[in-house]
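Here are my notes on this one, as promised. Have the viewer open while you read, and go through the points in order.

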Amino acid sequence: MRGADTFTESPFTLHRLEVFVPGNHPLRPIRQMVNEALVLMDALFAGMYEADIKCGRPSIAPEKLLRAMLIQVFYSIRSERQLMEQVQYNLLYRWFIGLAMEDAVWVPTVFTKNRERLLEHNTVIELFNLVLQNAEAHGWLSGEHFSVDGSLIQAWASHKSFVRKDGSDDQGGGSFEGQTRSNETHESNTDVDARLYRKGKTASELRFMGHTLKGNRHGLIASAMVTRADGHAEREAAKVMIDNARQSLSDGKTAITLGADKGYDAQEFIEACLAMGVMPHVAQNTSGRRSAVPNAIARSEGCAVSQQKRKLIEQGFGWAKTVGEIRQVMVHGLQRVDQMFVLTMAAYNLTRMRTLGQVRLQGQSRD
C-alpha cells in the first residue's frame, strides 16, 4: 500500500536532543573532554564578567562560545555567519554547543563581539593547556621526546594592501610593476602584523608562521604558537617552546630530545639546545656547507628514531589546513591569528585523544 505524501507537524515534542545523537558518535567523547576542561575554567570565566555583573544584559555563556568555536573548526565552517546559520537547523551542533531546540541562535555580530572577550583573556590558551593536562593524565603525552616544525599561514590580506609605510602612493591603481617592495619599506594596511615572505619555491605572500612542538609518543601537540614570518622565526619559536617543556618537568635531570629538519641546522640553535639540556636530533644540512650538528649526535640510534617520528608532525599541520582552515586565516592581527591557531591545535588534540581512548577501550575489551 502506497503511503500518503503528507506532512503533519506536532505543536510540541517530548524528545530531548540527546536522543537524536547516536551513542557512538565521535563528538560524544570529545564533548565530555571539553566539558571537563570548561569546569576547571569556571574561575577564569567569573573574573572575565565580574566588572559588568550589576548591569547590562547577560552575555553569551563563555562555555557555549568555546564549544561553538570548536564546532566551527571540526566542520570547516568558514565564517561566524555560516556557523550561526547552520546551528539554526543542525541538531548535532545545538547538542554539542548546549542549545535547546527552541533556543534562539545568536546574531553573528553579537557572537563575534563576545568571542573577542575570550581572546582578550587568553581563554583559548587555557583550554589548550587543560586539554593537554587531560592527555598527560592518561599517559598519552611524552615528556622527554619531542619534534618541532613550522608552517606558513596565509594572512587575510592581499598584495594590494601592501603599501609604503610613509603613505606615499608609488603607482596607484594596485599596479606594482617595476617596484621594489620589502617589509622594511612597506606594510599591509589591512593587517600590519603580516609579512611578505616566501619559502623554497613558493611565491611571496603576506603570511604568518605557525609553530608546533609535538610529543613523539602519540603525536599530540604539546605547544603551539604563531609568529611573524621571517627566516629566524622557526628556530626562535622552537627555543621558546622546548624551554617551556623543559621547565615543566619536575625532574630537571630528565634527558630531552628534539627532532627537527634541516632548517634548524644552525650553530646558534644547536648551542642553545645543548645549553638547555636538550639533545638536538636535527637533520644535518651539508649542501655546500658544514653542518652544525655533531656527527656523534647525527649518527646515533636515538637521532634516527627522532627523525622517523619527526615526520608525523606534518599530520597536525595537514589537519589544521584542510579541516581547520588555517591555510588562510580570516582574522587580522598576530594575537588573533595565534589564538585561532592554538584553538585549531586544541581541536586536533581532541580528535587524537578520542582515537587513543577508543584504542584503549578496544584493548581492554580483548583482555
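What share of the contacts in the protein between residues at least 6 apart in sequence join residues at least 24 apart? The answer is 68%. Keep in mind throughout that this is a predicted model.

1. Overall make-up. The protein has 14 helices and eight strands. Of its 367 residues, 46% count as buried.

2. The main core. The largest nonpolar core holds 98 residues. Leu66, Leu70, Phe74, Leu213, Ile242, Leu258 and Phe269 are the ones with the most contacts inside this core. Helix 14 (residues 334-366) supplies the largest share of the core, with 12 residues. There is also another core lying apart from it, made of five residues, including Leu152, Met209, Ala229 and Ala233.

3. Leucine 70, up close. Leaving aside residues up to four places away in sequence, leucine 70 touches Val34, Phe96, Leu127, Leu343, Ala347 and Leu350. Leu70 is also one of the residues with the most contacts inside the largest nonpolar core, so to speak of that core is to speak of this residue too.

4. Arginine 31. You'll find this residue in helix 2 (residues 27-40). Is it buried or exposed? Arginine 31 counts as buried, because its relative accessibility is 18% and the cut-off for buried is under 20%. Its contacts, again not counting residues up to four places away in sequence, are Arg67, Trp95, Phe96, Ile97 and Gly98. Have a look at leucine 350 as well: arginine 31 and leucine 350 are 319 residues apart in sequence, yet their C-alpha atoms are 9.2 Å apart in space.

5. Helix 4 against helix 7. The axes of helix 4 (residues 62-74) and helix 7 (residues 108-120) come within 10 Å, crossing at roughly 100°. The two helices are therefore roughly perpendicular to each other. On the helix 4 side, the contact is made by Pro62, Leu65, Leu66, Ala68 and Met69; helix 7 brings Phe111, Asn114, Arg115 and Leu118. Sorted by type, the residues of this contact are seven nonpolar, one polar and one charged.

6. Strand 1 and its two partners. Strand 1 (residues 145-154) is mostly covered, with eight of its 10 residues buried. How many bridges does it form with strand 5 (residues 205-215)? Nine, and that pairing is antiparallel.

7. Strand 7. Five of the five residues of strand 7 are buried. Ile256, Leu258 and Ala260 point one way from the strand, while Thr257 and Gly259 point the other way.

Definitions and conventions:
Residues are numbered from 1 along each chain as its sequence is written. This is a predicted model: local features need pLDDT of at least 70, side-chain atom pairs count only at pLDDT 80 or more; totals for chains, interfaces and linings use all residues. Side-chain values use heavy atoms; hydrogens and water are left out. Helices (H or I, at least four residues) and strands (E, at least two) are DSSP runs, numbered from the N terminus. Buried means under 20% relative accessible area, exposed over 50%, partly exposed in between (1.4 Å probe, protein chains only). Contact means heavy atoms within 4.5 Å. Axes are lines fitted to C-alpha atoms, for helices over the stretch in contact, and angles run from 0 to 180 degrees between N-to-C directions. Angles under 35 degrees count as roughly parallel, over 145 as roughly antiparallel, 65 to 115 as roughly perpendicular and the rest as oblique. Ala, Val, Leu, Ile, Met, Phe, Trp, Tyr, Cys and Pro count as nonpolar, Asp, Glu, Lys and Arg as charged, and the others, Gly among them, as polar. A nonpolar core is a set of buried Ala, Val, Leu, Ile, Met, Phe, Trp, Tyr and Cys residues joined through side-chain atoms within 4.5 Å. Two strands pair if DSSP finds at least two bridges between them.
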